[in-house]
Amino acid sequence: MVQETTQADEAVIAEGVDEEPVEGNRRLFTGWRMQAVAGFAALYALFHMAALNGVSISAYTGVTVPLLPQFPMETWNFRIVHIAGALALGFVVYNAVMFSDDAEKDARGGPWGKIAYVLFIPALFALGTSLWFARTIASGALPEMGGLTTWPAFAGTPIYSQEVWYFGMPLLIATVGGVVLGWFETAPRDKFRVSDVLLGVCGIVVAVYLIAIYGTAARNAVGTPFVPIGVAFAATAGSAMILELTRRVAGLALVIITGVFLLYTFVAHLLPGILAVQSAYSWQRFFGHVYSDAGILGPTTAVSSTYIILFIIFAAFLQASKVGDYFVNFAFAAAGRARGGPAKVAIFASGLMGMINGTSAGNVVATGSLTIPLMKKVGYRPTTSGAVEAAASTGGQIMPPIMGAGAFIMAEITGIPYQEIAIAAIIPAILYFVSVYFMVDFEAAKLGMRGMRDDELPKLAKMVRQVYLFIPIIILIAALFMGYSVIRAGTLATMAAAVVSWLTPFPMTLRGIAKAFELAGIMSIQIIAVCACAGIIVGVISLTGVGARFSAVLLDLAGVSQLLALFFAMCIAILLGMGMPTTAAYAVAASVVAPGLVQLGIPMLTAHFFVFYFAVLSAITPPVALASYAAAGISGANPMETSVASFKIGIAAFIVPFMFFYNSALLMEGTWFEVIRAGITATFGVFLLSGGVQGWFLGQRSAWFIRAGLIAAALLMIEGGLVTDLIGIGVTVGAWLIQRFLHPNPNASIPVRGAD
């Protein structure tokens with residue numbers, strides 16, 4: 001909740017910013033159900049923390065986990081369990097449809113639950129078959145080849161028939177039945193649905209089978225026509241569950257795009273031009289390929305199962321110690337007095353919250369519930385209030401050191417150390433927030449807005465005394481730059497968050513730590529589902545080679561104009577990102593667009609940053625802008641108008657990625673003099689661009705030709721060369737002289753002569 005008072009003797013204080021929003025389809029369990037789900041979520045997060053830090057069950061306890069060769073687990077096994085746990089937890093927590101206001105309607109049973117109980121028979125039969133397969137492989141009765149147990153599941157063998165009729169078909173029947181029943185079965189919001197539990201069991205069946213089979217030589221057959229038929233069945237069921245969970249937690253946009261890619265796989269041989277492949281792909285070959293490290297178990301899941309979930313745990317510990325409340329109150333104390341104060345607070349707070357919040361829309365909900373009403377209170381229109389918050393919150397995705405989940409995927413795909421990526425992001429992040437700051441400042445100046453009074457704000461002195469709450473983030477940054485691994489740095493920061501909480505009114509006891517792990521487990525569901533779903537698209541791209549064909553198109557365009565090729569790459573990245581979380585948008589665009597940019601001769605870091613930046617900006621790009629839509633829901637404005645306004649506020653940021661291309665010093669590549677000069681001139685260019693777009697220059701409104709001159713000067717400054725910088729300064733001086741001494745009418749129009 002947020003306390004907002006209008007009395008002169010009371011201040012606006014942020015409270016409850018750290019509380020997770022409850023989605024309309026999330027179940028609210030009570031009693032033993034709540035304890036069971038909370039325990040499962042906490043154990044799921046704790047499992048990752050232990051595994052990533054090399055905790056060994058057998059070494060510490062002497063207990064050997066059945067069917068698992070070791071713990072910490074082998075990489076593929078770990079990722080399979082990672083996805084299976086998210087599926088089981090996600091289906092139980094998130095309903096297939098939104099809950100209505102009519103509790104009686106949600107409680108109506110019908111025959112669907114009984115049908116779901118019947119479907120447990122094939123699901124459990126498939127589970128029993130998987131366990132029998134695992135026992136057979138572990139028995140040593142099967143022949144070996146090259147030190148690996150073989151899995152003789154070729155057509156015509158007994159194992160082939162068992163995989164089809166005892167495992168594959170029962171699993172598919174149960175999975176498809178569970179997904180379909182999810183649309184019809186109802187249950188009270190605090191109760192389990194049978195179909196959801198059924199899908200959770202099916203997710204576990206897929207994991208048990210794949211762990212057993214991938215421990216044999218059959219693992220080497222993935223991606224070939226010789227992959228075991230059971231792997232194709234398991235991958236088909238697993239993909240269906242991933243798509244369904246993604247729909248529940250992230251909406252239809254990513255599911256539809258994934259469906260288009262899946263359809264393309266099976267019709268590509270019928271298509272013309274660059275989209276065509278020579279021969280059709282069979283169902284068995286594709287799905288035998290997609291559930292491997294070239295698809296679902298590839299880079300996206302590699303990152304979600306390591307860095308992302310670790311930093312979600314870190315964020316959960318910070319939230320438990322109410323750091324989010326402190327960030328927002330600190331932002332109010334520091335920036336609330338400036339003109340249009342709440343808008344400046346939104347920028348400052350969203351930048352801070354972006355360090356612990358992984359999504360643009362989530363950032364909007366966390367800070368916008370306070371800043372948007374206050375922006376409206378000081379004079380901003382509802383549309384502008386939502387747009388400012390959306391633009392500011394989107395920038396949190398590129399704010400070091402955490403930068404959302406996309407930066408971790410960038411490190412995984414490129415092989416560039418995460419520390420280097422975080423350093424390279426410093427100037428682009430500054431440019432983004434500076435551009436948004438100038439836009440809202442000039443808007444406030446045009447409207448004559450005031451700042452907030454001292455008695456309306458938290459006391460800065462009190463906020464400074466609590467500056468120790470930044471210690472976990474400082475430890476994270478220091479550990480990264482001292483050479484610690486990202487995992488070790490994240491773990492140390494998480495431990496620091498628990499220790500620092502003892503200096504606050506919310507000390508973390510053992511129960512509090514368990515609650516933080518529970519929160520982390522729930523928070524991780526969406527990002528894991530999204531990463532796994534993006535992995536399906538990556539699997540399509542790797543099998544069909546469609547990414548290489550897009551690279552060829554970019555090369556052809558570059559022959560005409562390199563700027564045209566970059567513009568085309570920008571459009572693809574934004575289109576792929578519309579309606580998709582940043583993580584998935586970047587993962588897909590990095591597979592389709594980035595290789596082509598690298599082939600143009602663009603450095604790998606620059607190419608991937610270019611794609612990443614526009615994947616982030618897709619959250620405020622009409623017509624589908626998730627962050628803008630979330631802000632519109634709070635401000636009460638029209639979503640489309642809000643997205644257009646947020647696009648305008650962030651317009652300068654759309655120029656920044658082109659700056660990387662023309663001046664790599666902005667990514668910290670070059671001498672200190674080059675980096676500092678590039679940063680200063682680019683910041684000045686962003687200032688001029690904001691002034692030109694808003695029509696406000698040096699304390700007064702500007703005529704249309706002054707605005708045009710400012711935009712031209714901005715582009716010259718942004719280009720980064722010495723000659724262009726001097727020309728840009730000259731144009732700016734000319735614009736200042738004209739405005740200072742000639743006082744042109746700011747409302748002057750462009751004369752147009754008609755034929756009449």
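This is a predicted model: local features need pLDDT of at least 70, side-chain atom pairs count only at pLDDT 80 or more; totals for chains, interfaces and linings use all residues.

Residues are numbered from 1 along each chain as its sequence is written, and side-chain values use heavy atoms, with hydrogens and water left out.

The protein is built from 33 helices and 4 strands (DSSP runs, numbered from the N terminus: H or I of at least four residues for helices, E of at least two for strands). Its radius of gyration is 27 Å, close to the 27 Å the globule rule gives for 756 residues, so the protein is as compact as a globular protein of that length (the radius is taken over C-alpha atoms, and the rule is 2.2 Å times the number of residues to the power 0.38). The C-alpha trace spans about 95 × 65 × 60 Å along its principal axes. Of the 756 residues, 58% are buried, meaning under 20% relative accessible area with a 1.4 Å probe, protein chains only.

Now find helix α21, residues 486–500. Its 15 residues reach 21 Å from first C-alpha to last, close to the 21 Å expected (1.5 Å times one less than the number of residues). Is α21 mostly covered or mostly open? Mostly covered: 11 of its 15 residues are buried, among them Val 486, Gly 490 and Val 500. The cover over those buried residues includes α1 (31–52), α11 (299–320) and α20 (471–481), with contact meaning heavy atoms within 4.5 Å.

Methods: Buried means under 20% relative accessible area, exposed over 50%, partly exposed in between (1.4 Å probe, protein chains only).
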